[in-house]
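Visitor: I have just started learning to read protein models. Could you walk me through one, step by step?

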Amino acid sequence: MENKISERIKELLKENNLTPYKLSIDLNVSKSVVHYWISGKTTPNADYIIKLSEYFCVSSDFLLGISDN
């Protein structure tokens, strides 16, 4: 079963019509890091959870699956 963070990142990419490559450029991480997040092989550390929540204008609780908004 995939982790909630990977599901949420995929959902947000789709909703915002973004590619993993674009996200990697905007967050200044490698493409492989974003693909690992999406596949659930790794999870973003706390700094990147904050960056992702700011980037997508969602709460960190949403990314972590604690809340649905």
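Visitor: Is Asp68 buried or exposed?
Guide: Keep in mind that this model is predicted. Asp68 sits in the segment after H5. Its relative accessible area is 64%, and a residue counts as exposed when that value is over 50%. Asp68 is therefore exposed.

Visitor: Which residues does Asp68 touch, not counting residues up to four places away in sequence?
Guide: Let's begin with a distance: Asp68 and Val58 are 10 residues apart in sequence and 10.0 Å apart in space, C-alpha to C-alpha. For contacts, we leave out residues up to four places away in sequence. With those set aside, Asp68 touches Arg8 and Phe62.

Visitor: What about Ser67, is that buried or exposed?
Guide: Ser67 is also placed in the segment after H5. Not counting residues up to four places away in sequence, Ser67 touches Arg8, Ser59, Asp61 and Phe62. Its relative accessible area is 19%, and the cut-off for buried is under 20%, so Ser67 is buried.

Visitor: And where does Ser6 stand, buried or exposed?
Guide: Ser6 belongs to helix H1. Leaving aside neighbours within four places in sequence, Ser6 is in contact with Trp37, Ile38 and Gly40. The relative accessibility of Ser6 is 0%, so Ser6 counts as buried.

Visitor: How many Å separate the C-alpha atoms of Ser6 and Leu63?
Guide: Along the chain, Ser6 and Leu63 are 57 residues apart.

Visitor: Which residues have the most contacts inside the largest nonpolar core?
Guide: That core has 16 residues. The elements giving two or more residues to this core are helix H1 (4-15), H2, H3, helix H4 (46-56) and helix H5 (60-64). The residues with the most contacts inside the core are Ile9, Leu23, Trp37 and Leu52.

Visitor: How are H2 and H3 arranged, and why?
Guide: The axes of helix H2 (residues 20-27) and helix H3 (residues 31-39) come within 8 Å and cross at roughly 120°. Angles from 65 to 115 degrees count as roughly perpendicular, and only those over 145 as roughly antiparallel. The crossing is right-handed, and H2 and H3 are therefore oblique.

Visitor: How many nonpolar, polar and charged residues are in the contact of H2 with H3?
Guide: From H2 come Pro20, Tyr21, Leu23, Ser24 and Leu27, which meet Lys31, Val34, His35, Trp37 and Ile38 in H3. By class, these residues are seven nonpolar, two polar and one charged.

Visitor: And what is the arrangement of H2 and H4?
Guide: The axes of H2 and H4 come within 11 Å and cross at roughly 110°. An angle of 65 to 115 degrees counts as roughly perpendicular. That makes H2, relative to H4, roughly perpendicular.

Visitor: How many charged residues does the contact of H2 with H4 have?
Guide: Here Lys22, Leu23, Asp26 and Leu27 in H2 meet Tyr48, Lys51, Leu52, Tyr55 and Phe56 in H4. Six of the contact residues are nonpolar and none is polar, while the number of charged residues is three.

Terms used
Residues are numbered from 1 along each chain as its sequence is written. This is a predicted model: local features need pLDDT of at least 70, side-chain atom pairs count only at pLDDT 80 or more; totals for chains, interfaces and linings use all residues. Side-chain values use heavy atoms; hydrogens and water are left out. Axes are lines fitted to C-alpha atoms, for helices over the stretch in contact, and angles run from 0 to 180 degrees between N-to-C directions. Helices (H or I, at least four residues) and strands (E, at least two) are DSSP runs, numbered from the N terminus. Angles under 35 degrees count as roughly parallel, over 145 as roughly antiparallel, 65 to 115 as roughly perpendicular and the rest as oblique. A crossing is left-handed if the near helix is turned anticlockwise from the far one by less than a right angle, and right-handed if clockwise. Contact means heavy atoms within 4.5 Å. Ala, Val, Leu, Ile, Met, Phe, Trp, Tyr, Cys and Pro count as nonpolar, Asp, Glu, Lys and Arg as charged, and the others, Gly among them, as polar. A nonpolar core is a set of buried Ala, Val, Leu, Ile, Met, Phe, Trp, Tyr and Cys residues joined through side-chain atoms within 4.5 Å. Buried means under 20% relative accessible area, exposed over 50%, partly exposed in between (1.4 Å probe, protein chains only).
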